[in-house]
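Hello,

Here is the structure for you to work with. Notes on ring pairs and charged contacts follow below it.

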Amino acid sequence: MDRQDKINYIISAFSSAGLGINENQANQYFRLYEFMVEYNKNVNLTSIIDFEEVVIKHYIDSVLPFNMFPPSDGESFIDVGTGAGFPALPLLIFRSDLKGTLCDSLQKRCTYLEKACVLIGVKAEIIHVRSEELGRLRREQYDFSTARAVSAMPVLSEYCIPFVKVGGYFTALKSVNEDISAAEKAVRLLGGEIEEIKDYKIPNGDDRRLVRVRKISQTPTKYPRSTANISKKPL
């Protein structure tokens with residue numbers, strides 16, 4: 001496919017998932033793809049580099065959950081352990097009104113994210129920091145937090161829920177293989193409540209699970225704990 005064919009593919013793929021985007025947004029997604037694949041040669045960002053797979057497994061996979069439960073206009077969010085910028089970068093292209101913070105513990109990835117944002121014209125705050133350190137500094141400052149991570153839900157919750165204002169949400173993009181009920185105690189201790197678990201498919205047929213946690217009370221100040229305690233002694 002040439003450039004225009006790829007841009008048309010992006011628009012068509014998003015449409016097949018019920019997501020409407022314009023040509024300018026498709027161009028942003030295409031530029032991000034080109035830049036990521038080139039940068040990936042020197043810095044390990046992703047194992048998925050095939051164009052169509054990136055569109056489905058990175059872009060649509062990142063955006064679809066937030067189309068099912070759309071954030072209000074202008075809401076602030078933090079993408080915890082953002083890695084190569086998923087779900088935050090595709091979400092900020094799709095919803096440029098949102099105010100995004102992307103945190104990651106690896107400086108090389110943060111440098112990539114800063115350059116990517118400039119290239120595609122997305123405004124975002126990029127912070128090189130461990131999630132639990134930032135969680136203590138920015139307690140309950142965001143309308144919602146999110147993560148697309150392999151960590152078990154009790155672990156992920158301790159990293160993500162402290163960031164969220166009371167009344168806000170933690171939106172976790174998870175595998176369908178995980179027993180989310182095992183996280184109920186951890187979520188409750190952190191001031192949250194599992195509001196919805198939704199299973200769905202992305203356009204290639206792969207199964208996905210979305211977990212929405214509503215913040216109903218302030219997180220006790222002892223959370224988040226150190227990384228060692230979070231991983232060794234999950235709530």
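**Salt bridges**

Searching the whole structure gives 17 salt bridges (a side-chain nitrogen of Lys or Arg within 4 Å of a carboxyl oxygen of Asp or Glu). Before the details: this is a predicted model, so local features need pLDDT of at least 70 and side-chain atom pairs count only at pLDDT 80 or more, while totals for chains, interfaces and linings use all residues. Residues are numbered from 1 along each chain as its sequence is written, and side-chain values use heavy atoms, with hydrogens and water left out.

One of the bridges joins Glu158 and Arg225, with the closest N and O atoms 2.8 Å apart. Glu158 lies in helix 7 (residues 153–160) and Arg225 in the loop between strand 7 (207–215) and helix 9 (227–232), so the bridge ties together parts 67 residues apart in sequence. Helices (H or I, at least four residues) and strands (E, at least two) are DSSP runs, numbered from the N terminus. Glu158 is buried at 1% relative accessibility. Arg225 is buried too, at 18%. The cut-offs: buried is under 20% relative accessible area, exposed over 50%, partly exposed in between (1.4 Å probe, protein chains only).

Shared partners join the salt bridges of Asp61, Arg148 and Arg208 into one network.

Lys41 and Glu38 also form a salt bridge, 3.1 Å from N to O. Lys41 is exposed at 60%. Glu38 is partly exposed at 46%.

**Aromatic pairs**

The whole structure holds 11 aromatic pairs. Rings of Phe, Tyr and Trp (its six-membered ring) pair if their centres lie within 6.5 Å; planes under 30 degrees apart are stacked, over 60 edge-to-face, the rest tilted.

Tyr33 and Phe51 have ring centres 5.2 Å apart and planes at 75 degrees, so they are edge-to-face. Tyr33 sits in helix 2 (residues 23–39) and Phe51 in helix 3 (residues 51–68), so the pair ties together parts 18 residues apart in sequence. Tyr33 is buried at 11%. Phe51 is buried at 6%.

Phe66 and Phe144 have centres 5.8 Å apart and planes at 35 degrees, so this pair is tilted. Phe66 is in helix 3 and Phe144 in strand 4 (residues 142–147), 78 residues apart. Phe66 is buried at 4%, and Phe144 is buried at 4%.

Ring pairs also link Phe14, Tyr29, Tyr59 and Phe86 into a cluster.

**Charges over rings**

The charged end of Lys6 sits over the Phe51 ring, 5.4 Å from its centre. Arg212 lies over the face of Tyr169, 3.7 Å from the ring centre. The test is NZ of Lys or CZ of Arg within 6 Å of the ring centre and within 35 degrees of the ring normal.

Best regards
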